[in-house]
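Student: Before we begin, could we go through the labels attached to this model one at a time, setting each value against its definition?

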Amino acid sequence: MEGFFIFNMANDLVYQFSNNKMNEKLSNLAKNVGLISDEVAPQENLSSDVLMQTFNPLLANLRFMLIQFDNSFNYVKCKHGFNMVFDDESYGFLFITISNTKSIEFMQRSQGVYKAFVKHLVGPLVYQLKTDNTSSDFLTKLIITWNRLFVENQDVCLEAIEQLSINNDVKKNNLVSTLEQALDKLKQDTQLQRSHAILFHGNKFLTLFSARTSQQLIPSDIFFLNIFIQSIEICGKIDTKLLFMRGSNNSCVPYKVNRIAITDDITLLLLSEYGNTIISTNLYESFLLLNKIKVLQSQSDLDSLVIETEKLDKCIKSVIEIEKKLKHNSQEIEECVKNFQNKYESLRKKYVEMLKVMDKSKLLKVESYFPCFMDATKELYKLTYFNENSRRITQEQEKIIFNISAFVTDKVLKLAEFLQVKAKNNFSVSAYLEDFAGLVHFIFVDRQRGTCIFPDINQTAKETSPQIKKKVWEMIETARNYLQNGQTTVIWKDFAFSYHYSLWFEDANGQTLRPKDETNVLANKQNLVPGIIAHDFYQKMTETFFPKITNGINKIKVFELFTIHLNLVTPHLQLEHSRRLIATISDEVVSNNLFDLL
């Protein structure tokens with residue numbers, strides 16, 4: 001029984017993803033309280049009104065705990081394994097995940113991933129999922145794809161990027177140079193200047209090239225794009241979609257993404273920033289601030305309101321300043337900008353009056369102006385990024401992209417057979433068995449770059465044990481549980497195998513950095529699960545472990561190593577193998593660096 005639901009502040013259903021067993025459970029609950037008749041089929045999708053009334057007692061409780069005490073609960077464990085996980089920190093919307101077969105930890109991970117998918121598809125306009133069937137349907141595809149790949153592919157389970165291992169010279173002189181020339185052709189159009197070109201082979205990352213003026217993509221963006229291309233149905237050689245990327249500023253930057261099928265296995269993605277970056281960044285930040293301010297108002301926290309309204313004022317003024325300089329082809333947008341400015345000025349005056357004398361009695365007046373400005377902000381964002389032009393390209397752009405498609409296809413086809421062979425034999429554990437007696441499997445992850453190296457699990461199963469795939473997934477989950485409790489190095493055993501996990505930090509010179517206190521240091525971040533999609537757990541962990549390092553914190557490297565040995569191998573030998581493994585594969589890591597070639 002699996003379900004994922006999104007509700008707005010009025011407890012209206014915005015999005016629903018549920019299987020037949022979940023629908024049957026909800027149907028029985030609705031029948032028990034008289035919301036539907038007994039004649040309704042058990043597995044039939046219930047109306048949004050019925051679902052709202054079914055969930056309403058729970059939602060009201062959650063809202064009350066959040067607004068009155070700023071301390072809503074994160075999950076509920078019921079009898080017979082029926083679990084619910086909640087999240088109310090996303091633009092005022094409430095996310096609920098329900099399952100009777102998955103653990104709380106896995107449900108929290110899943111919900112974080114689903115939330116990230118929502119942000120990639122619609123940015124802060126979550127309510128778009130209620131009216132935009134294209135976006136809601138594609139979210140469902142992404143969820144289904146991720147759940148399938150999570151149990152099949154090590155990279156998806158790890159939330160890391162598997163790169164196709166090829167010679168650095170071949171990559172640089174052929175693939176990277178081809179992408180560089182492709183972006184030069186893309187620059188013929190002034191709207192496509194800030195762009196990226198990415199090549200994938202199946203589910204494996206090949207290479208990336210970025211224009212100098214573009215905002216750098218981060219590993220979680222690349223990871224999402226990998227899930228994206230495996231979810232999309234190939235309707236033609238070229239498809240265009242509007243997506244939102246976090247980028248190096250951890251914001252919400254809109255991109256027009258053109259997917260080009262080079263071969264059945266090789267995919268080219270051309271990403272071009274859409275619209276003005278300053279506007280998109282400040283509008284996104286405004287949404288975050290408005291929802292934070294709404295909670296503070298309900299708590300009558302005037303001291304915090306002073307700080308947050310000042311931040312909001314800077315964002316709004318930046319948006320208005322840029323909007324005035326832009327030439328809009330649509331009168332509707334021009335009127336929307338004027339309305340946005342007027343509504344804000346009205347709201348700002350009320351804040352100034354209230355906060356000048358710190359009078360809580362004036363909160364009611366402020367709150368009466370708040371919804372109008374929130375609606376104006378949503379409307380401006382919608383007209384700017386969800387218009388007719390955002391999901392299509394012009395005829396001139398189409399010609400340019402078709403020319404790029406032909407050019408890249410001609411270049412890459414010369415390497416297609418070579419890449420196909422490499423994809424099938426990316427890594428094999430047999431190459432390491434002679435030098436590492438008793439080694440069954442290993443995984444190396446560079447968290448700064450988001451890349452991972454591991455032998456093919458199916459090949460490993462043939463050469464060692466057919467149960468090894470299950471053991472690898474169990475090892476990853478166990479290691480994550482230890483990591484959440486602040487333990488970065490651990491060895492454990494079962495009847496057949498011995499497992500080792502280690503996480504460590506290095507500075508820019510490759511010198512190991514040791515945190516002063518690793519015990520329970522992540523206790524205040526227990527709601528975070530190790531990964532990069534929902535949030536960069538490893539970046540937050542680095543900031544927690546090294547609080548005194550402010551300048552250069554992003555230069556600290558984070559590495560993980562997982563190994564499985566036969567149970568007869570001693571812990572001492574396991575650790576020795578780990579040290580030698582790191583040295584052996586370090587050259588491979590450097591030659592396949594995700595960002596060295598940009």
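Tutor: In this predicted model, Asp87 is found in strand S4, which covers residues 83–90.

Student: What makes Asp87 count as buried or exposed?

Tutor: Buried means under 20% relative accessible area, and Asp87 has a relative accessible area of 18%, so Asp87 is called buried.

Student: How do you know what joins the side chains of Asp87 and Lys115?

Tutor: The side chains of Asp87 and Lys115 are joined at 2.8 Å, and a polar contact requires a pair of N or O atoms within 3.5 Å, so the pair is called a polar contact. Leaving aside residues up to four places away in sequence, Asp87 also touches residues including Phe93, Leu94, Phe95 and Gln111.

Student: Why is Cys336 in no disulfide with Cys372?

Tutor: A disulfide needs two cysteine sulfur atoms within 2.5 Å, whereas the sulfur of Cys336 is 14 Å from the closest cysteine sulfur, in Cys372, and that is too far for a bond. Cys372 is likewise in no disulfide, and by this rule the count comes to zero.

Student: Which labels do the accessibilities of Cys336 and Cys372 give them?

Tutor: Cys336 is buried, with a relative accessible area of 6%, while Cys372, at 38%, counts as partly exposed, because that label covers values between 20% and 50%.

Student: What is the reach of helix H7 set against?

Tutor: Helix H7, residues 168–186, reaches 25 Å from its first C-alpha to its last, which is close to the 27 Å expected for its 19 residues at 1.5 Å a residue. There is also a kink of about 30° in H7, centred on Val176, and Val176 is among the buried residues of H7.

Methods:
Residues are numbered from 1 along each chain as its sequence is written. This is a predicted model: local features need pLDDT of at least 70, side-chain atom pairs count only at pLDDT 80 or more; totals for chains, interfaces and linings use all residues. Side-chain values use heavy atoms; hydrogens and water are left out. Helices (H or I, at least four residues) and strands (E, at least two) are DSSP runs, numbered from the N terminus. The expected span of a helix is 1.5 Å times one less than its number of residues. The bend at a residue is the angle between axes fitted to the seven residues ending there and the seven starting there. Buried means under 20% relative accessible area, exposed over 50%, partly exposed in between (1.4 Å probe, protein chains only). A polar contact is a pair of N or O atoms within 3.5 Å; within protein, one must be able to donate a hydrogen and the other to accept it, and residues adjacent in sequence count only if both atoms are side-chain atoms. Contact means heavy atoms within 4.5 Å.
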